[in-house]
Amino acid sequence: MTTTDTAAVSQPFQAEVSELLHLMVHSVYSETDIFLRELISNASDACDKLRYQAIAAPELIGENDAPNIRVIPDKKANTLTVADTGIGMERQELIDNLGTIARSGTKAFVAKLAEAKDGAGLIGQFGVGFYSAFMVAQRIIVTSRRAGSREVWSWSSSGGAGFEVAPADEQDAKRVARGTEIVLHLKEDAKKYLETHEIERIVGAYSDNIQFPIVLVADEGEPRQINSASALWQRAKSELTPEDYTKAYQSIAHAFDEPAMTLHYRAEGRYSYAVLLFAPSTKPFDLFEPARKGKVKLYVRRVFITDDADLLPAYLRFVRGVVDSEDLPLNISREMLQNNPQLVQIRKAVATRVVGELETLAEKDAENFNKIWDAFGAVIKEGIYEDFERREKLLALSRFFSTTGEKRTLKQYVAELKPNQTEIYFLVGDSIERLKSNPRLEAASARGIEVLLLTDPVDAFWTSARLEFEGKPLQSLSQGDLNFDLIPLLEENKDKGEPAADEAQTIAIIKSSLGERVTDVKASTRLTTSASCLVAGSHGPDRELERLLSQQNRGMRSKPILEINLRHPLVAAIANKGSDKTIADDLSLLLLEQAQILDGELPEDPAAFAARLNRLVLQGLALSQ
Ligand code: ADP
Ligand code: MG
């Protein structure tokens, strides 16, 4: 051991931790109770880790020495202690774990908290882990002994800028035989947490599902266990109430909302396992963080193994809960988890059950299904291109906002096709408002054809897979050739007369003006009032997907096709002014640039665009004088 290892050190907190502590001290939080849930949850994790490591190294747990958690109020000393006989922390672990914030979700939360005027509601929606103890404590002392180690270390802090780590004194070291003891010196206004009925109330509300005994050691009376410490998922459905499930969800998922879906069953047969899964009703802060993975916990015969076993496909990563296997070996290594044939089987079966349960919910409980869809629809849609096997089901589950002004299913869409309509039309973009005024909608609106307006980033990806629903292909309005001819116009849009411009002549002029800027110029079937729009060829990616990819520096943008509306006066003017090359060039470029602007893009050369526009406006003014 080197000298620096034994010496006391003072260290600053990571910037995010300081910020979080500052926010907690300087705002009034009503939900201070949750600190106890967070500390007990950490104690429970530590007991889980010990039990897992003891499978390979049984000497870590002695006889009559099963891991447990103690809550010790001391009115004389004005301290509340939460102690566990779990895995414990070494010196460096104390520094790393209690000085930084590792979780991306917590970082996102701190950023949100800093923005919000009133953090009280927010902190109630999200635990901030260990640091929440500073809501009630003016000083915290953590003493810890890693299981199997002779060293005991103390971490202490009064919040503020930093913490100290030093070897524990002899008395503390003796008391902490294994695991972690957290002593909170309570703030003046937090003394109620010394009352046993308060402690029992909070443990009952938040921590009853903790699997290890939580023992209350009060000044008066014998120590007694205050939680039921049972694995709820092992109990029969008939014994459990909706409140039991909500509590289990909140404790397993670290959540404060109500579950929008609960799935509890036992699979028997070749493999036996219990499943208890929940879908939250609200969206977490880090849903789209790349690091976020599914957090369904794998247990083997009630021993926690890992929450990193990817038990569900990525597009179901919002689901929380437990799968508890009867048959897997307890000593299954984390490396074996990926390819274990039994787990492969379990993954498949559980994903099928979850998707099936979503289907049932969609049919029977629209209110809760809609909560899930609103919060996680953008994630579920990833499954449309990732999960080939369940694609049809996921398409049927999906809800899309459409030109009807409502959220629609594809089933509803297909049931209300226009006469001779054989395709499902959609348009991808970044906002409903912008899509509603998109010129590509014109011919469809003139015929009363419903169009799905897709605005989640993921929509550009799954739609590129060229899908069908009930035999009807999905077709983008910004891509390829459309043929609406057989679909009748609405009465008020009939009789528009012959196009003003000659097709072949006009196209030839525009092509010669635009040259290499476009791959082709075509007469449009999708426009009725606008002069022009850009579309992608029938093969290759949609324009919206290309735009997204090029924003992320992935992939080049290909040259578009310019479609023109032969009935538009500007287009007719090109045919008329064909002999004046400068005017024809200006007008043709304007058609292209307009179309780019309507797509929310800048013309390639904005200065030249402005100059051209001014020139044409001045000419127009001169003509009308
Ligand atoms: P989280 O539990 O989400 O990781 P916390 O802020 O609650 O975040 O805790 C940070 C880390 O500190 C934990 O991941 C764990 O490694 C460590 N830790 C906290 N409490 C204990 C404990 N009682 N025993 C062992 N390790 C602990
Ligand atoms: Mg925690």
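Which residues does Ile372 touch, not counting residues up to four places away in sequence? The list is Ala260, Met261, Ala279, Pro280, Phe318, Leu358, Leu361, Gly377 and Ile380. The model is predicted.

## Domains

## Nonpolar cores

In soluble globular proteins, nonpolar side chains tend to be buried together. Here the largest nonpolar core holds 77 residues. Val354 and Ile372 touch the most other members. Helix H10 (residues 341-364) supplies the largest share of this core, with 9 residues. Domain 2 (234-377) and domain 3 (399-624) both contribute residues, so the core lies between them.

A second core is separate and has 54 residues. Its members include Ile40, Trp153, Trp155 and Ile226.

## Leu452 and strand S18

Leu452 belongs to strand S18 (residues 451-454). Its relative accessible area is 1%, so Leu452 is buried. Beyond residues up to four places away in sequence, Leu452 touches Phe400, Phe401, Ser402, Leu410, Tyr413, Ile424, Tyr425, Phe426 and Leu427.

Leu452 and Thr582 are 130 residues apart along the chain. Their C-alpha atoms are separated by 41 Å.

## Helix H20

Which residues of helix H20 (residues 569-576) are buried? They are Leu570, Val571, Ala572, Ile574 and Ala575.

## A nonpolar surface patch

Leu613, Val617, Leu618 and Leu621 make a nonpolar surface patch of about 350 Å². Leu621 sits in helix H22 (residues 606-624). Its relative accessibility is 45%, so Leu621 counts as partly exposed.

## Salt bridges

How many salt bridges does a search of the whole structure find? The total is 32. One of them joins Lys348 and Glu389, with the closest N and O atoms 3.8 Å apart. Lys348 lies in helix H10, and Glu389 lies in the loop between helix H12 (382-386) and helix H13 (391-397), so the pair ties together parts that are 41 residues apart in sequence. Lys348 is partly exposed, with a relative accessible area of 47%. Glu389 counts as exposed, at 57% relative accessibility.

Asp374 and Lys407 also meet in a salt bridge, at 3.0 Å from N to O. Asp374 is in helix H11 (residues 366-380) and Lys407 is in strand S16 (residues 407-408), so this pair ties together parts that are 33 residues apart in sequence. Lys407 counts as partly exposed, at 47% relative accessibility.

Another salt bridge joins the side chains of Asp387 and Arg390, at 2.6 Å from N to O. Are Asp387 and Arg390 buried or exposed? Both are buried. Elsewhere, Asp33, Glu198 and Arg201 are linked in a network of salt bridges.

Most residues other than glycine have a negative phi. Asn64 has a positive value, with phi near 50 degrees. Asn64 lies in the loop between helix H3 (34-56) and strand S2 (69-74). Why does Asn64 count as exposed? Its relative accessible area is 82%, and exposed means over 50%.

Arg301 is not a glycine either, and its phi is positive at about 45 degrees. The residue is found in the loop between strand S12 (295-300) and strand S13 (303-306). Arg301 has a relative accessible area of 35%, so it is partly exposed.

Terms used: Residues numbered from 1 in each chain as written. Chains lettered and ligands numbered in written order. Predicted model: local features only at pLDDT ≥ 70, side-chain atom pairs only at ≥ 80, totals over all residues. Heavy atoms only, no water. Core = buried A, V, L, I, M, F, W, Y, C linked by side-chain atoms within 4.5 Å. Buried < 20%, exposed > 50% of the residue type's maximum accessible area, 1.4 Å probe, protein only. Helix = DSSP H or I, 4+ residues; strand = E, 2+ residues; numbered from the N terminus. Domains from an automatic or database assignment. Contact = heavy atoms within 4.5 Å. Patch = residues over 30% accessible without salt bridge, like charges linked within 9 Å, V, L, I, M, F, W, Y side chains within 5 Å. Areas by Shrake-Rupley, 256 points an atom, 1.4 Å probe, with all protein chains shown as cover. Salt bridge = Lys/Arg side-chain N within 4 Å of Asp/Glu carboxyl O.
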